[in-house]
Amino acid sequence: MQNLRIEPQIQVTLNCNMACDYCFQHHQGGIIAPEIVGQIVAKLVDFHRRQYRCCEIDRPLTITWHGGEPLLAGIDFYRRVIEIENRYPAIPFDNRLQTNGTLLTEEFAEFFARHRFNVGFSLDGPESMNNAFRHYRHGSGNPFADTLQGLELYRQYANPDQIPVIAVVTPETTKQGEKFYRFFKFLNAKVQLDIYDLSISELLDPSGNTSGVSDYAPDVTGIGKFLIQLFDLWFNDASREVEFSDLRNEVKMILQPKMSSGDPFHKKRCAPGRLIFDPQGRAFSCDQYVNDAHTALGNINEDSLEDILDRKFRLWDEIKHHVRGSAEQMACTGCAWGRQCAGGCLTCMKYNAMLLQARQDGLPDIHWHKSRLPEKLRDLSGETYYCESLRLFREHAKAAVARELNHA
């Protein structure tokens, strides 16, 4: 684990003031106790110091505060967070927070700016796009307008170069690529695209037969066309008033063909050092799929980070062995973009299906691999439902970069 970069995400609460149609979380429960936050931070600091013993001052410890909606905890909770972090004056903390922004007040904005929190906003595009699937849990209101108000308060106090945004790509997005681009350019945003994540229930019905994907999932052709259109708008726009981190990374991959995303080649949520801590202090590899006491990698109140990470690595080895098979059988191995792609979640989706099937069959979780993968899932190759579109998009981007280099 030498020089492993730990990437902790603390779920301040699973609760949320919104009920977005496409959200995969069950929104219930209270706020994480400051005592549990103290345990997490203490063990993170200890791990961090041992990883970067010779240069800890140059290596900030990044913590992402997430939910649910993390602002439901109130500002006094974050004052306690700063008090806990101040116990370790030699460690530079890089606090990041992801919010829907609707609860962000002037007091929050001033506090986050003063303590240098990097605040990111969940916003899917202009009003019609955003509000198509994002709604308040109770009562009426305009989530778009309220998010924008919170975003502008944060901009006023923190004055970031660009506003960080995560935008879920839905069918509404793919139909209006230029409108999507112009809006985020107007906002002067740095956008991370989050292509809607399919779930097992959308590919199979309870009897194991093929099921249609939900209305929230873009179709394969639509994703390809959207990404190509968005890339062309961004790549040919000299103003650089909007940033798309995913598109910039695609260009980097093209210019550095030997660059590898490592193993697993999944979304960044699968980074080796990434851990999700729930409000009880339980640790998970991912914030999707089966997250209960039985699938936890451990509990920060009882286990060391080394033990938690060791369980994560061993589980991943089991998943690769029983789901993917040998390296020669992995679909990504034969793909021109395989080692660079940060594509999707199909391997873990299959693991999740086998785990749930094992439970139905009365098997303990440790024997999940003795259950059978449904035939319809065995037919799915690659790492994302959108492999075909991603390949078409990347070939288009590669040609555009080559033309630019030839004209330089």
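## Starting with one residue

Is Asp-310 buried, partly exposed or exposed? In this predicted model, Asp-310 comes out as partly exposed, because its relative accessible area is 33% and the partly exposed class sits between under 20% for buried and over 50% for exposed.

Asp-310 also has a partner: its side chain meets that of Arg-314 in a salt bridge, at 2.9 Å from N to O. Both residues belong to helix α11, where they sit 4 residues apart, or about one turn of the helix. Arg-314 is partly exposed as well, with a relative accessibility of 46%.

Now hop over to helix α3, which covers residues 106-114. Here Arg-114 and Glu-110 bring their side chains together in a salt bridge, with N and O 2.8 Å apart. These two are 4 residues apart in the helix, so about one helical turn separates them. Glu-110 is partly exposed, at 29% relative accessible area.

## A link across the sequence

Salt bridges turn up elsewhere too: searching the whole structure gives 18 of them. One involves Arg-50 and Glu-306, whose closest N and O atoms are 2.5 Å apart. Arg-50 is part of helix α1 (residues 34-51) and Glu-306 is part of helix α11 (residues 305-324), so this pair ties together parts that lie 256 residues apart in sequence.

How exposed are the two ends of this link? Arg-50 is partly exposed at 34% relative accessibility, and Glu-306 is partly exposed at 23%.

Next, look for the strands. There is an open sheet of 10 strands, and reading across it gives the order β7-β6-β5-β4-β3-β2-β1-β8-β9-β10, with mixed pairing. At its edges are β7 (243-244) and β10 (298-299), each of which pairs on one side only. Strands of a sheet pair through backbone hydrogen bonds, and they can do so in parallel or antiparallel fashion.

For a parallel example, pick out β2 (residues 61-66) and β3 (residues 93-99), which are joined by 5 bridges.

Methods
Residues are numbered from 1 along each chain as its sequence is written. This is a predicted model: local features need pLDDT of at least 70, side-chain atom pairs count only at pLDDT 80 or more; totals for chains, interfaces and linings use all residues. Side-chain values use heavy atoms; hydrogens and water are left out. A salt bridge is a side-chain nitrogen of Lys or Arg within 4 Å of a carboxyl oxygen of Asp or Glu. Buried means under 20% relative accessible area, exposed over 50%, partly exposed in between (1.4 Å probe, protein chains only). Two strands pair if DSSP finds at least two bridges between them.
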